[in-house]
Amino acid sequence: MNSVPFTSFPGLELQPAFSPDGRQMAFSWDGEDGVNSHIYVKLLELGAPLRLTSKPTDDHSPTWSPDGQQIAFAREAPDGHEILAVPVLGGPERRLGQSTASGSMFGMDWSPDGKLLAIVDKGAPKEPNAIFLLSVATGEKRRLTPLVARSAGDTFPAFSPGGAAVAFARAAGTRT
């Protein structure tokens, strides 16, 4: 079996996400200058990637809408992350919400019906990260995972194909 890279650009290429039809991939890349990570989309068979974001801050955690028309992503902000969506072919960004979670590798996932994003956030400043459901239409958040003693936090949520369950990773450890 031969391995064929989807990308081989200079710098850091992270967090690949395949489109619902499997023909494209969104990813975070710090570009040739290595200054800030942005969201890119690339057809798997052809050419150069299309850069979707350009603000002078780091963008990460791309996830495709179920209809393949938008990509939600997280943008580093002074108090956590902005959660935004951008059309796959480029265009204006739309703010969906905010997260006070720490770290840039927290991941998120779009529900199969397109109404919710499972995101990482904090219920309170000194709490560990937890999984929340963010309404794409209203920005309303609802906590999904409870506080657990001796947990360092929850991350990388993923909806089940039917949307009835959300899988996630829980880091063991002592909260500080």
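**A walk from a loop to the cores**

Let's start at Asn36: setting aside neighbours within four places in sequence, Asn36 is in contact with Trp29, Asp30, Pro56, Thr57 and Asp58. Keep in mind as you look around that this is a predicted model. Asn36 sits in the loop between strand 2 and strand 3. Is Asn36 buried or partly exposed? Its relative accessibility is 18%, and since buried means under 20%, Asn36 counts as buried.

The loop between strand 2 (24–29) and strand 3 (38–43) also holds Gly34. Gly34 has a relative accessibility of 41%, so Gly34 counts as partly exposed.

The largest nonpolar core has 20 residues. Which of them touch the most other members? They are Ile83, Leu96, Met108, Trp110, Leu117, Ile119 and Leu134. Several strands contribute to this core: strand 6 (70–77), strand 7 (80–87), strand 10 (116–121) and strand 11 (130–135) each supply at least two of its residues. Strand 11 gives the largest share, with 5 residues.

There is one more stop on the tour.

How values were computed. Residues are numbered from 1 along each chain as its sequence is written. This is a predicted model: local features need pLDDT of at least 70, side-chain atom pairs count only at pLDDT 80 or more; totals for chains, interfaces and linings use all residues. Side-chain values use heavy atoms; hydrogens and water are left out. A nonpolar core is a set of buried Ala, Val, Leu, Ile, Met, Phe, Trp, Tyr and Cys residues joined through side-chain atoms within 4.5 Å. Buried means under 20% relative accessible area, exposed over 50%, partly exposed in between (1.4 Å probe, protein chains only). Helices (H or I, at least four residues) and strands (E, at least two) are DSSP runs, numbered from the N terminus. Contact means heavy atoms within 4.5 Å.
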